[in-house]
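Thanks for passing this one along. Below are my notes, as numbered points that you can follow with the model open beside you.

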Amino acid sequence: MSDSLPFSQACKNNRQPILDQLTDVVTGPAVVLEIGTGTGQHAEYFAGQLPHVRWLPTDHPDNVWMCRQRLVLADLPNVAAPIALNVSERPWPLPAFDHAYSANTAHIMAWEEVCDMFGGVAEGLGEGGCFCLYGPFNDQGGYTSDSNRQFDRHLRARLPHMGLRNLQDLEALAAGLGMSLYRNLEMPANNRLLIFRKSAS
Ligand SMILES: C[S@@+](CC[C@H](N)C(=O)[O-])C[C@H]1O[C@@H](n2cnc3c(N)ncnc32)[C@H](O)[C@@H]1O
């Protein structure tokens with residue numbers, strides 16, 4: 001694999017702990033939508049380890065180039081060509097999906113975009129479909145670690161619309177869209193994997 005590809009050390013560090021949980025969620029053949037694919041490292045690794053899954057990488061139109069070369073070189077039979085997707089532009093230009101996954105996006109998107117992301121996911125999921133959202137989150141309006149506090153301050157200083165999201169706000173958002181928090185998993189480096197599941201409509 002070329003050294004010149006966009007690379008995230010965090011993705012390399014967190015991919016196995018995330019995969020260990022995804023294998024419990026995506027147990028059979030399924031199409032998994034990824035929102036905010038970034039460098040494509042997660043798409044490459046998860047699709048390689050989950051051959052029964054068809055992975056659907058997407059990213060904001062300005063950034064979707066970042067994953068393209070890696071995924072072309074990986075040439076995995078179960079990874080679709082990356083699709084440009086801005087979660088705030090409807091309708092989403094996507095085929096049907098069974099589950100959705102997104103890492104480190106909720107604190108980068110403005111809150112309105114987070115709402116749009118949940119809205120589009122909830123619309124696409126069938127009953128029992130899961131939305132797996134990885135990243136650092138606040139709990140009961142407070143930071144869960146000093147490093148998360150520093151990270152949040154760093155984000156807000158860069159752009160005021162960015163920042164760590166509060167778990168209970170996400171739960172309320174999801175509930176209004178017919179999804180409930182099914183698992184709230186502690187992950188390394190003060191991150192969490194939140195798994196929301198769509199209930200019967
Ligand atoms: C910090 S990066 C995370 C990338 C990767 N998932 C990871 O964990 O390294 C945030 C990602 O969110 C995407 N993003 C931000 N706003 C978006 C939007 N409105 N619609 C879709 N993707 C968006 C960015 O393009 C970027 O790929």
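**Notes on the model**

1. Helix α5 (residues 146-158) has 13 residues, and at 1.5 Å a residue it should span 18 Å; its end C-alpha atoms are 19 Å apart, which agrees. The expected span is 1.5 Å times one less than the number of residues. Helices (H or I, at least four residues) and strands (E, at least two) are DSSP runs numbered from the N terminus. Please keep in mind that this is a predicted model, where local features need pLDDT of at least 70, side-chain atom pairs count only at pLDDT 80 or more, and totals for chains, interfaces and linings use all residues. Residues are numbered from 1 along each chain as its sequence is written, and side-chain values use heavy atoms, leaving out hydrogens and water.

2. Which residues of α5 are buried? They are N148, D152 and L155; buried means under 20% relative accessible area, exposed over 50%, and partly exposed in between (1.4 Å probe, protein chains only). Seen down the axis of α5, the buried residues fall within an arc of 65 degrees, so they line one face of the helix. That arc is taken from the directions from the helix axis to the C-beta atoms. These buried residues pack against β6 (137-138), with contact meaning heavy atoms within 4.5 Å. On the other side of α5, D146, Q150, R153, A157 and R158 are exposed.

3. Now to S102, which sits in strand β4 (residues 99-103) and is buried, with a relative accessible area of 0%. Its side chain reaches the backbone oxygen of I35 at 2.8 Å, and a polar contact of 2.7 Å joins the side chains of S102 and T105. A polar contact is a pair of N or O atoms within 3.5 Å; within protein, one must be able to donate a hydrogen and the other to accept it, and residues adjacent in sequence count only if both atoms are side-chain atoms. Leaving aside residues up to four places away in sequence, S102 touches I35, M117, F131, C132, L133 and Y134.

4. Two backbone details deserve a look. Most residues other than glycine have a negative phi, and most peptide bonds are trans. A cis peptide bond joins R90 and P91, with omega about -5 degrees; P91 lies in the loop between β3 (83-84) and β4. In the loop between β8 (179-187) and β9 (191-198) we find A189, whose phi is positive, near 60 degrees. A189 is exposed, with a relative accessible area of 62%.
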